[in-house]
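This report is for a reader new to the structure shown here. Please look through the sequence and the model before reading on.

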Amino acid sequence: MRPASQRWTVARLGSAQTLAWASSYYLPAMLAVPMARDLGVAPSVVFAAFSVALIVSALLGPLAGRTIDRHGGRSVLVGTNVLFAASLAGLGLAQGPIGLFAAWVLMGVAMGSGLYEAAFATLVRLYGKDSRGAITGITLIAGFASTVGWPLSAWMEVQWGWRGACFGWAGLHLLAGVPLNGWLPRIDSVANAQNTPAPMTTMPAASQAASADASPHAPAAATRALRTTVLLSFVFAVTWFTSTAMAAHLPRLLQASGTSLQAAVAIAALVGPAQVVARLLEFGLLHRMHPLLSAQLAAAAHPVGAAILMVVGAPAAAVFTVLHGAGNGILTIAKGTLPLVLFGPAGYGERQGLLMVPARVAQAFAPLLFGLLLDGVGAAALWVTALLGVAALAALWVLRPVARQ
């Protein structure tokens, strides 16, 4: 496929991902309180339903990835737009806790097959080992999901109420999301444009077993692959726990470190720009580095920033926020590129789904657990995420490629 065509694919998929993230992951921040008030429940009930959606998405991820490995991502992603629309409409029609949880469960199905992991698998299915730049491109575009989603949700809530906001997002999925994902190229069209066969799907289990038996090094390779899988799953779980905890509690954490409320809100807003700048850096300078090296640098950013904040205090709040945002921005890309360079493109989607199961579960419980830590020990709770970051960095240092394409 010509570079210009690939850029159009990235633009369409990145725009569709912006819509998907803005209308799901970033939805409760703006609508949880009015939603809870109207339904007669506490806001924590709405966030509990959101946590259930994240767990459902974790369980569905491997199945969605396997489907994309076999058939490509276009039909899967178009289907998730319909699921997103149905779940958002269900939220808008909910009359109590049962309807609320049912809608969020359906949202979890859409999230498990329609967010970054599915988009990464779609790109790898299209472009194979040359997907790193495309993965960076869609994260660069979708990095503005909160910048777009929060104000738009707030505006729709003011104009039409929270139910109208849900219906508005549902309409956007049908009117914009379906065409954006529907315009993605077919696998065979990419292969014809490149004058090469389409990337092969994962070998059947029987063929894999026969190949493994034929190789004298198969047991050692299997052990090495399992070790890499465990380490990478741990890295993803730690980084998603930390990013979700900071997304939920960063202003309060900065206040606990001595920053005023007004300054804390203003400084917390630096996370988004820091992520975008870091992704631009990854797209340019760091693109020449091995993805493992850029991931190691990114994993070190949060612990370094946390140590500076804990030692210096409030004057270092902006330094910590920028370092955390920059590291998180690059680690989001690493979630797509590391499985590719460590294992190769074969079976990427299913493997990506399996690797992200612990991360999604950690993400589901991060706001509650870090909130309890913050209530109990104040700003010292930051040492927990800092130590977890150091452990993730250590895991990245010992990782090695399992397969090369």
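Predicted model: local features only at pLDDT ≥ 70, side-chain atom pairs only at ≥ 80, totals over all residues.

Residues are numbered from 1 along each chain as its sequence is written, and side-chain values use heavy atoms, with hydrogens and water left out.

The structure holds 3 salt bridges (a side-chain nitrogen of Lys or Arg within 4 Å of a carboxyl oxygen of Asp or Glu).

| Salt bridge | N to O distance |
|---|---|
| Arg-163 and Asp-38 | 3.1 Å |
| Glu-350 and Arg-66 | 3.0 Å |
| Arg-360 and Glu-117 | 2.6 Å |

Arg-360 belongs to helix α17 (residues 357-377) and Glu-117 to helix α6 (residues 116-127), 243 residues apart. Helices are DSSP runs (H or I, at least four residues), numbered from the N terminus. Both Arg-360 and Glu-117 are buried (under 20% relative accessible area; exposed is over 50%, partly exposed in between, with a 1.4 Å probe and protein chains only). Asp-38, at 45% relative accessibility, counts as partly exposed.

The axes of helix α7 (residues 132-142) and helix α15 (residues 317-343) come within 9 Å and cross at roughly 145 degrees. Such axes are lines fitted to C-alpha atoms over the stretch in contact, with angles from 0 to 180 degrees between N-to-C directions. Contact (heavy atoms within 4.5 Å) involves Arg-132, Ile-135, Thr-136 and Thr-139 of α7, and Thr-332, Ile-333, Gly-336 and Thr-337 of α15.

Terms used: Helix = DSSP H or I, 4+ residues; strand = E, 2+ residues; numbered from the N terminus.
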